[in-house]
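Biologist: I'd like to learn how to read a model like this one. Could you take me through it, one feature at a time?

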Amino acid sequence: MMLPSGMCQNRHRLNQLLVKIITQFLTIFALCFTTLSYAAPPKGWWAAQSDEYQIGVDKSDPEKPAAFIEAIVPAPEQFIALNQTISANDYRDKRVRRRGMIKTKDVASWAGFWLRADDGKNKVVAFDNMQRRGLSGTSDWTTAEIVLDIPSEAEKLSLGLILDRKGKVWMRGLTFEVVDDSVPVTAPKMTDLPSTPANLDFKE
């Protein structure tokens with residue numbers, strides 16, 4: 001049975017529209033799949049799941065690959081950290097230095113390293129991060145480090161890279177080593193704190 005020419009034309013247009021819709025759907029699906037695959041942390045590292053950040057490895061320089069964290073929403077509600085946890089067995093009663101290169105782009109708050117020691121009950125027994133000396137804005141590759149004394153009761157060490165809110169940060173060339181007492185710790189000492197509260201009436 002022959003269909004009227006008008007109906008044939010309508011069916012042809014409908015088929016073209018369906019093909020266009022399916023093509024767009026498959027394109028979006030492929031892009032989402034690519035993003036999710038690219039967002040996996042590097043081997044040996046982990047991060048909390050978040051739909052506000054992307055984590056991956058930048059291999060634009062094959063000789064110097066760099067891990068990165070990037071905010072993928074305009075205003076993330078919380079920070080994120082790319083982490084690694086190791087045993088403290090080889091580092092108890094020693095001073096350790098965690099050093100590497102950091103680069104930033106449009107970081108609104110701060111980005112930097114962190115290092116923490118926990119005891120067998122997951123109580124924090126030593127800690128430092130770069131919040132007070134972190135990198136912000138856009139900066140080229142900069143050497144950064146944390147030097148921390150690891151107490152005898154430490155059972156595990158956690159270390160990583162933090163990005164607080166908007167921007168992108170890279171890290172590469174990482175080292176983790178024991179150093180002697182000639183290398184100063186980077187965490188503020190208790191003696192550096194004021195002895196009494198200040199400006200309690202908010203008049204200053």
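Modeller: Let's start with the labels. Helices and strands are DSSP runs, at least four residues (H or I) for a helix and at least two (E) for a strand, numbered from the N terminus. Keep in mind that this is a predicted model.

Biologist: How many helices and strands are in the protein chain, and what pattern do they follow?

Modeller: You'll find one helix and eight strands. Going along the sequence, the order is α-β-β-β-β-β-β-β-β.

Biologist: Which strand gives the most to the lining of the second largest pocket?

Modeller: That's β3, with three residues. The pocket holds about 160 Å³ of space, and its lining includes Ala48, Asp51, Tyr53, Phe79, Ile80 and Asn83.

Biologist: Now the whole chain. What share of its residues counts as buried, and how much accessible surface is there?

Modeller: Of the 204 residues, 32% are buried. The accessible surface is about 13600 Å², and carbon and sulfur atoms hold 56% of that. For contacts, look at sequence separation: among those with a separation of 6 or more, 75% join residues 24 or more positions apart.

Biologist: And the nonpolar core? Which residues of the largest one touch the most other members?

Modeller: The largest core has 36 residues, and Ile69, Ile102, Phe113, Met130 and Ile150 touch the most other members. Several strands each supply at least two residues of this core, among them β1 (53–58), β2 (66–71) and β6 (135–150). The biggest giver is β4, with nine residues. To see one member's surroundings, pick isoleucine 150: beyond its neighbours within four places in sequence, its contacts include Tyr91, Val96, Ala117 and Leu157.

Biologist: Next, strand pairing. How many bridges does β4 form with β6, and in what sense do they pair?

Modeller: Two strands count as paired if DSSP finds at least two bridges between them. β4 and β6 pair in the antiparallel sense over 12 bridges, and there glycine 100 stands opposite alanine 144. In the β7 pairing, arginine 116 stands opposite serine 158.

Biologist: What about β4 and β5: how many bridges there, and which residue in the turn has a positive phi?

Modeller: Five bridges, again antiparallel, with β5 covering residues 124–129. Alanine 117 has alanine 126 as its bridge partner in β5. The two strands form a hairpin with five residues between them, and asparagine 122 in the turn has a positive phi of about 65 degrees.

Biologist: Let's zoom in on one residue. Where is phenylalanine 176 found, and is it partly exposed or buried?

Modeller: Phenylalanine 176 is in strand β8. Buried needs under 20% relative accessible area. Phenylalanine 176 has 25%, so it counts as partly exposed.

Biologist: Which residues does phenylalanine 176 touch, leaving out those up to four places away in sequence?

Modeller: The set includes Ile86, Tyr91, Val96, Arg98, Leu115, Leu157 and Leu159. Another thing to check is C-alpha distance: glycine 100 lies 76 residues away along the chain, with 8.9 Å separating its C-alpha from that of phenylalanine 176.

Biologist: One last general idea: how do side chains sit along a regular strand?

Modeller: They alternate between the two faces of the sheet.

Conventions: Residues are numbered from 1 along each chain as its sequence is written. This is a predicted model: local features need pLDDT of at least 70, side-chain atom pairs count only at pLDDT 80 or more; totals for chains, interfaces and linings use all residues. Side-chain values use heavy atoms; hydrogens and water are left out. Buried means under 20% relative accessible area, exposed over 50%, partly exposed in between (1.4 Å probe, protein chains only). Contact means heavy atoms within 4.5 Å. Accessible areas come from the Shrake-Rupley method with a 1.4 Å probe; for residues, only the protein chains shown count as cover. A nonpolar core is a set of buried Ala, Val, Leu, Ile, Met, Phe, Trp, Tyr and Cys residues joined through side-chain atoms within 4.5 Å. On a 1 Å grid over the protein atoms alone, a cavity is a set of points where a 1.4 Å probe fits but cannot get out, and a pocket is an open set with protein on both sides within 12 Å along at least five of seven lines; lining residues have an atom within 4 Å of a point. Grid points are joined across faces, edges and corners, and a volume is the space filled by probe spheres set on the points.
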